[in-house]
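Here is a brief report on a predicted model. Please keep the sequence and the structure in view while reading.

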Amino acid sequence: MSSAAPAIELRSLSRVYRTDEVELRAVDDVSLTIEHGEFVAIMGASGSGKSTLMNTLGCLDRPTSGQYLLSGRTIADLDRAELALLRNRKIGFVFQSFNLLARTSALENVELPMLYADPLVSHRERRARATRALESVGLGARLQHVPSQLSGGQQQRVAIARALVTEPELLLADEPTGNLDSRTSIEIMGLLQAQNEVGLTVVMVTHELDIAAYCKRIVVMRDGKVIRDEVNRARRSAAVEISALNAAEQQAKLA
Amino acid sequence: MTPVAAKLARTWLIGAIALRALRRNKMRSALTSLGIIIGVASVVAMLAVGNGARASIQKQVAALGQNLLAVFAGSSRTGGINAGAGSASTLTIGDAEAVEREISGVIAVSPEVTRGVQAIANGRNWSTTVAGESPDYLKIRDWALATGAMFTDRDVRTAAKIAVLGSKTANELFGPLDPIGQTVRIGNIPFVITGVLASKGAGIGGQNQDDRIVVPYTTAMRRITGDTYLRSFNVQVAESTEMTDVQREIAALLRQRHQLPADRADDFNIFNQKEIADTASTITGAITLLLGAIGSISLLVGGIGIMNIMLVSVTERTREIGIRMAVGARPGIVQLQFLCEAMLLSLIGGAIGVLLGVGISRLVQAVADFTPVVSTASVVLAFGVSCAIGVFFGFYPARKAARLDPIEALRYE
């Protein structure tokens, strides 16, 4: 794998769903290149094909035609087991509905990807890495909490820790703030921005413009095609906004 | 790490994942195991009861004596009323003596007459059975004396008034006292007691063999029954392999002595202990098989229960499976995890079932008058079958889990 290759390269990629007579081109002849260290928002209405594109980027699905190169390596000829291993090593997922294992502690949830790592990760190392990942998202004090004991924002932090614990090349976030209030949304975006600052490539699906505004680049889809692809010039900074919010709160208390 | 060690470590890890998943759903896991617990427990307990019954019956057959043939007089018929085996007046002492004298392979013969009597001794009276026998009786029946001595051939010749008591009869008449040298009166005739038999317990028919008074057969015939005919005589054969031959020779000899024409049926019956033992063994074997089959059916039902719950579990945990696949669980590993869960359920259920089965056997032992035998083979069998059931019935749900599409699974509500 050459480091010169882009993180993601799509060449005339299509994903077609065929029912008996109808043919649905969910992703239609998309070519897209995402370099290492980018922070891309994929926007579009529901049915625009952004979720299908996301599943393909996440190696959960294979394209019907065209090519998908992940760090210069084509994934078309990989079977389900090889795709699973690829997801395990290179990709971290963050979902709208958090997708944590119920009745399972935050620590064990974060350990989950390492259970499937090849080569094996020792029990002690799993524990250490999961603890560090949870500390890095500010949940060092809640290692043994189960999801039902955590707020939505905290659950999403656990999910982010789980996505980061394997040190992936690519973080895919599917509406990560869809179930959160605005303040918590800013905090979560702050976490993603911070990870992006230190070099992680992040691709995020959202339909909210003000969330997409935290990204560096915005790709808009409609009917399976990319209709707009531009650099975000009015980029918001979550860190700045949070400190402003904190200052405002402080003032409100003093007043 | 070598590839084999890595593989082992990975399997171990998957087992730990499976165990963790089962612990998350303690109630469901327990209920699923319950089917296997009941199945294994019933197989173990039923086989134990069957084997115990078989052992008990075999012991009773062996207690009849060693290589025993019993020759009974035929049934007598008076006006259409059949008085039953031993009632016809056809067997004589001469027949018994001829059998002992003329047939090779016969090592002992004991003529037998019996009669129900009222015995009086020590100021008590007791309704019991007098058995007129020869001194060989004890050897033939493989019976020992608790105390005292048996009467002798000379006592038989002189029709001596000597008695040996069964242990129960002795206890009823004398309680803790020593009956040796005491007198027991049977129909007003005094007999001197020379010995007490060891306890033998219930016979095949369930009657108490220890409730009897044994006297020389000559004395019994002359002084108690007044008969000149024998009810039966017992024959001991040297080798168990010769029993069928000896039985045939006795039949031929008796037909000749009774001058029966070829078209007349035997006027006697010969019971072969080996045949009784074989029949008993066949019957108890069939009972054991039946009990085992009933147990196996519940084990099968338990296995189907595991499959049922695992299928429900796969559906219910579709999202969990999707999450595991998304973070990199290969289909093969998901399959192995669910297979492991099914196997663990049946293994744990099997272990508890074995303990429960042993417990039930103990309980049966406490309430029934025989001892169930928990054989290692039945435990290994039940345990092995329950593991096999785990694999067999766990395979389909596990494959179903492995074939889930991660995208669909993640979307599942």
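A:Arg217 has A:Val231, in strand E10(A), as its bridge partner. The two strands involved are E9 (residues 217-222) of chain A and E10(A): 6 bridges join them, and they run antiparallel.

This pair belongs to an open sheet of 6 strands in chain A. The order is E6-E7-E8-E3-E9-E10, with mixed pairing. Strand E6 (91-94) and strand E10 (225-231) of chain A each have a single partner strand, so each leaves one side without a neighbour in the sheet. From one strand to the next, the twist averages 15°.

A helix packs on this sheet: H5 (residues 152-164) of chain A. Helix H5 touches E6 and strand E7 (170-174) of chain A. The directions of H5 and E6(A) make an angle of about 170°.

Now the contact between chains. 20 residues of chain B are in contact with 20 residues of chain A.

What is the make-up of the side of chain B that touches chain A, in nonpolar, polar and charged residues? It divides into 14 nonpolar, 2 polar and 4 charged residues.

Last, the domains. In chain B, the domain assignment gives domain 1 (11-60 + 279-411) and domain 2 (68-238). Taken over C-alpha atoms, the centres of domain 1 and domain 2 of chain B are separated by 56 Å.

Terms used. Residues are numbered from 1 along each chain as its sequence is written. Chains are lettered from A and ligands numbered from 1 in the order in which they are written. This is a predicted model: local features need pLDDT of at least 70, side-chain atom pairs count only at pLDDT 80 or more; totals for chains, interfaces and linings use all residues. Domain bounds come from an automatic or database domain assignment. Two residues are in contact if their C-beta atoms, placed from the backbone, lie within 7 Å. Ala, Val, Leu, Ile, Met, Phe, Trp, Tyr, Cys and Pro count as nonpolar, Asp, Glu, Lys and Arg as charged, and the others, Gly among them, as polar. Two strands pair if DSSP finds at least two bridges between them. Helices (H or I, at least four residues) and strands (E, at least two) are DSSP runs, numbered from the N terminus. Axes are lines fitted to C-alpha atoms, for helices over the stretch in contact, and angles run from 0 to 180 degrees between N-to-C directions.
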